[in-house]
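Student: Let us go through this structure together. Please show it first.

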Amino acid sequence: DTVEIEDELAPARETLRRVFGFDGFRGRQSDVVSRTLAGRSTLAVMPTGAGKSLTYQLPAVMLDGCCVVVSPLIALMHDQLRAARANGIRAATLTSVDEDWRETIAAFRAGELDLLYVAPERASQPGFRDLLSSAPLALFAVDEAHCVSEWGHDFRPDYRQLRPLMDAFPAVPRLALTATADAQTRADVMAQLGIPEDGLVLAGFDRPNIRYAMRHRDNPVRQIAALMAEQPGPGIVYAPTRRKVEDLAEKLAAATGREVRAYHAGLDPAMRAANQQAFVASEDMVVVATIAFGMGIDKPDVRFVAHAGIPKSIEAYYQETGRAGRDGDPALTTMFWGAGDFATARQRLGELPTDRQASERARLDALAGLVETAECRRAVLLRHFGEDPPETCGNCDNCLERPGVTDVTQLARKLLSAVYRTGQSFGFGHVQKVLTGARDERVEQRGHDRLSVFGIVEDKEAGLLRPLSRALQARGALVATEHGGLALGGDAREIITGEKPVEIVVPPERERGGRRSRDS
Ligand code: ADP
Ligand code: ZN
């Protein structure tokens, strides 16, 4: 009963106050801490900002022996190290860039460390197991634990070496932590790391102060500048490539007169660090960045996150948007997506090893589903993470203004048939001309005006062709060819035969405006 639980955690609460200066546990931290103190292994799935680090740092302070923390990013480790030391915790890192490794090893052997941070590569080094045998261990903490699973969005083979290492110390409990794991990844992580089935602690993923919105991208500079005007304060804009990062940063600065900086792996480290520090300190700066930015930075007052291209997956989307509004105040997140983003991502699937293609395709399909839905975005998102949310949230674009849904099954059959009959090598513009009966030199040269699909789309429907083509590309029924043409893919055949109905979301009036797409 409650009283007993309170008693059980009283020493932990005392340490929480004394060492960390916090008044109480947040969310499900207490469940993770009490399991860990009792020597039971756990997978803690908690959103970014939930306070995962505390769930191993606190037991590390309380338990005898050292807690070994596996973490994939050296920069992140050093941030953690500084924070831990600032709280008076005896912590060290053992990485390729640490020059004080001799002191660290000596301190570990002498039993003078509460926390030892290492990179996953360390696990496969034979000497490391011997080192760990030389002093008592309290706990293995595995950060970013989804990296152990090929179902996760960020598989790292080195994580597979952790299991044999931990198995060599069967009495030491394990605590795996991640912010991003759907049901399948979760089960796999637990199996891979040897965590019992009852060891899952799943914290709520909802971030009610974040408003989710998605729009088709027709003019990213204008669209993001409008977002910046609507939502003052610091913001992050994610762009897919270094070139786009620099281009957008420059144009947004010019368009808004605000301070906008670029951040990507190609900048020299000093400049990167300077931009990051300036952002953390600033109250109105905008950073345009590749996804490298944001990991491990603790800036609670980010007021908006914009995507100028699609993220890799729903997990990545959740994590990236999750950097907004960590202080609990309202924050806007808008994804500006283009059909080309999905086309490119689907093309890249072919470059992956065959055994990974299916899972990556499923990931992309799930993302396309979120982009294409007319339902509450938050509900779709939370269901993806295994929760059972209310049907509507009142704080996403679809809840604030219900988009229309149109049955376009017949039109989709016509479009796909035309792609097929013209030989699956022409771009959208040509196929559109054929369907609407617009003659030009190329149409006539190829004899496409004699095809049965010539002119079968009436004017009143023609306006839906482009959004339909985007939707079909997003879901993979239309794929881009190497030369920029469209070809059939995914469930195109079922659509053509009429087995699969197709609906598309018709965006609210204000977004349409009849503008010609520049960037689809
Ligand atoms: P995560 O790793 O889950 O993204 P962090 O461990 O970085 O989250 O913690 C996020 C923030 O929450 C940090 O600033 C941390 O100091 C703070 N925090 C953690 N636990 C508590 C708590 N019990 N009470 C108040 N603040 C907390
Ligand atoms: Zn909603």
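Student: Is D301 buried, partly exposed or exposed?

Tutor: This is a predicted model, where local features need pLDDT of at least 70, side-chain atom pairs count only at pLDDT 80 or more, and totals for chains, interfaces and linings use all residues. Residues are numbered from 1 along each chain as its sequence is written, and chains are lettered from A and ligands numbered from 1 in the order in which they are written. Buried needs 20 or more other C-beta atoms (placed from the backbone) within 10 Å, exposed 12 or fewer, and partly exposed lies in between. D301 has 15 within 10 Å, so D301 is partly exposed.

Student: Which residues is D301 in contact with, leaving aside its neighbours within four places in sequence?

Tutor: D301 lies in the loop between β11 (286-289) and β12 (304-307); strands are DSSP runs of E, at least two residues, and helices runs of H or I, at least four, numbered from the N terminus. Contact means C-beta atoms, placed from the backbone, within 7 Å. By that cut-off, the partners of D301 are G233, P234 and D327.

Student: How are α13 and α21 oriented to each other, and why?

Tutor: The axes of α13 (residues 339-349) and α21 (residues 465-475) come within 8 Å and cross at roughly 30 degrees. Axes are lines fitted to C-alpha atoms over the stretch in contact, with angles from 0 to 180 degrees between N-to-C directions. Angles under 35 degrees count as roughly parallel, over 145 as roughly antiparallel, 65 to 115 as roughly perpendicular and the rest as oblique. The two helices, α13 and α21, are therefore roughly parallel.

Key
Contact = placed C-beta atoms within 7 Å.
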